[in-house]
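Q: I am new to this structure and would like a close look at a single part of it. Please pick one residue, show me its surroundings, and then connect them to the rest of the chain.

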Amino acid sequence: LRKACDRFAETTKTQDVVKIAGADVDLHDIIVKAAGNDRLAQMVGNLSQQMYRYRLEHIKDVTQHERLIEEHEEIYRCLKNRDKEGGAKAIKTHIYNQEQSVLNQIKNKPVKSSRKK
């Protein structure tokens with residue numbers, strides 16, 4: 001997990017959104033696998049493909065990179081220190097921020113109508 005956090009931080013410097021997204025997915029996969037919860041792994045697996053395009057859009061915004069790095073570091077610190085409460089809070093914050101990003105992306109994207117005028 002330490003290496004995955006470092007790899008994500010280093011990859012953000014490339015500004016290659018596909019590589020950054022890949023490093024982000026790798027980091028999240030390590031955490032999910034370490035949880036040892038098959039239901040969680042299945043749920044995350046099902047959602048990850050649907051969320052990938054939003055992840056890419058979020059990652060394109062370079063102003064978010066530092067916050068993502070900080071959130072990943074906080075999650076790492078809590079897991080390393082076996083701080084369940086802190087870890088739960090850090091993960092909830094990370095998920096909430098991602099949720100807000102997705103909602104903003106949806107609200108700010110023009111919706112193409114399939115109806116003929």
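A: Asp 24 lies in helix α2. Helices here are DSSP runs of H or I with at least four residues, strands are runs of E with at least two, and both are numbered from the N terminus. Before going on, note that this is a predicted model, in which local features need pLDDT of at least 70 and side-chain atom pairs count only at pLDDT 80 or more, while totals for chains, interfaces and linings use all residues. Residues are numbered from 1 along each chain as its sequence is written, and side-chain values use heavy atoms, with hydrogens and water left out.

Is Asp 24 buried or exposed? Asp 24 is buried, because its relative accessible area is 4%; the cut-offs are under 20% for buried and over 50% for exposed, with partly exposed in between (1.4 Å probe, protein chains only). Leaving aside residues up to four places away in sequence, Asp 24 touches Phe 8, Arg 55, Ile 59 and His 72. A contact means heavy atoms within 4.5 Å.

Let us follow those neighbours one by one. His 72 is found in helix α4 and counts as buried because its relative accessibility is 2%. With residues up to four places away set aside, His 72 touches Cys 5, Phe 8, Asp 24, Leu 27, His 28 and His 94.

Phe 8 touches both Asp 24 and His 72, and also Ile 20, Ala 23, Leu 27, Leu 68 and Ile 69, again not counting residues up to four places away in sequence. Phe 8 also has a place in the largest nonpolar core: of its 16 residues, Phe 8 and Leu 27 touch the most other members. Such a core is a set of buried Ala, Val, Leu, Ile, Met, Phe, Trp, Tyr and Cys residues joined through side-chain atoms within 4.5 Å. Helices α1, α2, α3 and α4 each supply at least two residues of this core, and the largest share, 5 residues, comes from α2.

Now step back to the whole chain. The secondary structure comes to 5 helices and 0 strands, and buried residues make up 31% of the 117 residues. The C-alpha trace spans about 60 × 35 × 20 Å along its principal axes.

How confident is the prediction? The mean pLDDT of the chain is 88, and 92% of its residues reach 70 or more; pLDDT is the predictor's confidence in each residue, from 0 to 100. Among the elements of the chain, α3 has the lowest mean pLDDT (87), while helix α1 (residues 2–12) has the highest (97).
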